[in-house]
Amino acid sequence: MSNLRRLHKVYVVFTLFQFIKGLLPLIIITMLRKSGLLGLEWYWYAGATALVLLSLLFGWLEWRAFTYTVEEDRIILRKGVLFKDEKTIYYGRIHSVNVDQPFLQRILGVAELKIETPGGGKTADGILPALAAGEAEQLRQQLLSRHNHVMEEGITRNSQEESEKADTFGSDGELRGDAASVSERHIDALFQKSSGLPSTESRDSAYFRLTSGQLLMAAATSLNLGLAIAFIAGIYSFANDFLEKFTPIRFFEQLYTESQSLVPGYFIIVIVIAAIIALAAGWALSLILYIIKYSGFTVKREGKRISVSYGLLNKKAYSFDPDRVQSVIVEEGLLRQWIGYAQIKLQVVSSDKNEQLMLHPFLPITEMEKMIGLFVPQMKWSAIEAKAPKRALFYYMRIWLLLTLVICATLIVIWPLNGLWSLLLLPLVALWRRACHQTAGLTLKDGQLILRRRHFSKVTYLLRRQQILAMTLKRSRAQQRENLVSLSVQTMGTVNDYSVSLLEYRDMERVWNWYSREGRS
């Protein structure tokens with residue numbers, strides 16, 4: 001039976017917001033003029049009012065045309081004023097239903113629901129942009145419940161077909177027992193294959209909520225260097241513009257002339273202090289943004305589905321089957337590695353190929369195996385067995401040290417005395433590349449590949465064989481003479497490769513044989 005539904009009426013003003021967003025640069029330029037918005041002719045106000053009313057009218061027409069129908073086996077979305085668009089999504093095709101509540105939607109009391117399917121492109125296959133928050137959560141639960149029901153019906157149907165095949169052979173006295181045994185084994189096998197969870201744990205549940213102390217520690221140990229650098233650049237740009245407007249003419253030339261008489265060491269100390277202050281300010285900003293993003297972080301598993309929700313201003317909620325997890329990514333930042341903590345992310349098939357879902361933002365390494373076993377039991381945490389050999393250290397060092405030498409030489413040519421301080425970069429770069437060499441490694445065990453590498457953070461990838469789409473081995477002629485090979489792996493759900501550099505050829509050959517057709521059991 002059909003049940004025609006519409007979006008929340010606040011969707012009418014979304015078109016107005018999009019219109020204002022498109023005209024925002026023009027509005028800002030007009031406000032910066034001397035006359036501002038108040039100095040315009042009357043027809044400007046009349047035209048703006050007409051455009052606002054027109055956008056509201058078009059928004060109302062879009063709202064009237066945007067409907068969705070929840071049927072027994074599918075959900076149907078219809079939209080479009082000038083060009084009609086109808087999309088049908090069968091429940092059996094749904095692999096995740098997510099509720100997103102950005103800041104604007106949260107103010108208006110609505111949420112956005114996204115329906116992900118394997119056939120989705122760069123955006124979710126089905127998007128309902130404005131539902132009442134309670135209605136969005138109710139619909140999410142309804143779609144997931146019907147998806148589970150469809151999957152269970154498929155398992156039951158397949159088990160009945162298997163049972164009928166078993167009844168075809170043997171005597172009647174043994175058929176029913178054998179058929180029942182086959183049926184039970186088939187149900188267990190199908191359930192494990194589709195969910196990735198043992199059938200004996202299908203009714204189990206697991207729950208985790210990030211406490212305030214854990215959230216604060218996670219925020220304090222997750223310095224976003226990119227954000228800090230952007231903050232420093234913004235402060236520098238603002239200070240430069242401010243000083244140019246309010247300082248006397250030729251002030252900087254006089255300041256530079258006077259600074260030449262200073263002891264070079266003092267000049268360097270001032271620069272270092274300024275950099276530390278700027279980094280501290282960037283760290284504080286990073287901490288605040290992290291708390292806003294992950295406030296209320298909650299993870300729970302019910303049966304064979306994982307639900308993740310978090311966010312103070314931009315509230316997000318995801319629900320997916322662990323079988324959709326393509327890889328588990330364990331990241332240990334510099335500060336977190338020092339205190340023995342890490343974060344766990346999951347790469348799940350979705351429309352956003354660059355997004356990794358957070359499973360736990362701040363977990364002791366000693367609890368890693370337990371956490372992964374609870375929520376993604378098809379993956380196993382294990383120690384690294386095959387590491388980069390000592391002779392690979394030269395290849396880890398050479399390019400970066402050469403680049404650092406060029407930079408140091410350039411700085412010394414420009415500033416003969418102060419530029420000598422740049423030579424301190426050489427031991428720092430050498431230590432960093434040595435850490436990268438010591439981290440690199442892999443483990444091949446129980447049908448699972450584990451890769452570990454380092455840029456600045458130490459990252460470990462857990463991959464099952466059936467999730468790997470492509471594997472590439474590469475080496476230069478010099479590396480070939482040293483029997484060193486680099487490996488990269490690609491999975492569904494991401495545009496990035498998982499890679500590790502310069503390991504032993506025999507270890508890479510074993511991985512290649514395991515993955516290739518010849519190595520299949």
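Student: Which residue forms a salt bridge with Glu86?

Tutor: In this predicted model, the partner of Glu86 is Arg78, and their closest N and O atoms are 3.2 Å apart. Side chains of opposite charge can pair when their charged atoms come close.

Student: Is Glu86 buried or exposed?

Tutor: Glu86 is exposed, with a relative accessible area of 51%. Arg78 is partly exposed, at 29%.

Student: And what does Asp100 pair with?

Tutor: Asp100 forms a salt bridge with Lys316, again with 3.2 Å between the closest N and O atoms. Asp100 belongs to strand 5 and Lys316 to strand 11, so this pair ties together parts that are 216 residues apart in sequence. Both Asp100 and Lys316 are buried.

Student: Where do Arg140 and Glu137 lie?

Tutor: Both are in helix 4, three residues apart, which is about one turn of the helix. Arg140 is buried, with a relative accessible area of 5%, whereas Glu137 is partly exposed, at 29%.

Student: New topic: which residues make the nonpolar surface patch?

Tutor: The patch of about 680 Å² is made by Ile399, Trp400, Leu403, Ile407, Leu425, Leu428 and Leu431. Helix 12 and helix 13 each give two or more residues to this patch, and the largest share, four residues, comes from helix 12.

Student: How do helix 12 and helix 13 pack?

Tutor: They pack at an angle of about 155°, with their axes 9 Å apart. Helix 12 is therefore roughly antiparallel to helix 13, and the crossing is right-handed.

How values were computed
Residues are numbered from 1 along each chain as its sequence is written. This is a predicted model: local features need pLDDT of at least 70, side-chain atom pairs count only at pLDDT 80 or more; totals for chains, interfaces and linings use all residues. Side-chain values use heavy atoms; hydrogens and water are left out. Patches are made of residues with over 30% relative accessible area and no salt bridge: like charges are joined within 9 Å, nonpolar side chains (Val, Leu, Ile, Met, Phe, Trp, Tyr) within 5 Å. Accessible areas come from the Shrake-Rupley method with a 1.4 Å probe; for residues, only the protein chains shown count as cover. A salt bridge is a side-chain nitrogen of Lys or Arg within 4 Å of a carboxyl oxygen of Asp or Glu. Axes are lines fitted to C-alpha atoms, for helices over the stretch in contact, and angles run from 0 to 180 degrees between N-to-C directions. Angles under 35 degrees count as roughly parallel, over 145 as roughly antiparallel, 65 to 115 as roughly perpendicular and the rest as oblique. A crossing is left-handed if the near helix is turned anticlockwise from the far one by less than a right angle, and right-handed if clockwise. Buried means under 20% relative accessible area, exposed over 50%, partly exposed in between (1.4 Å probe, protein chains only).
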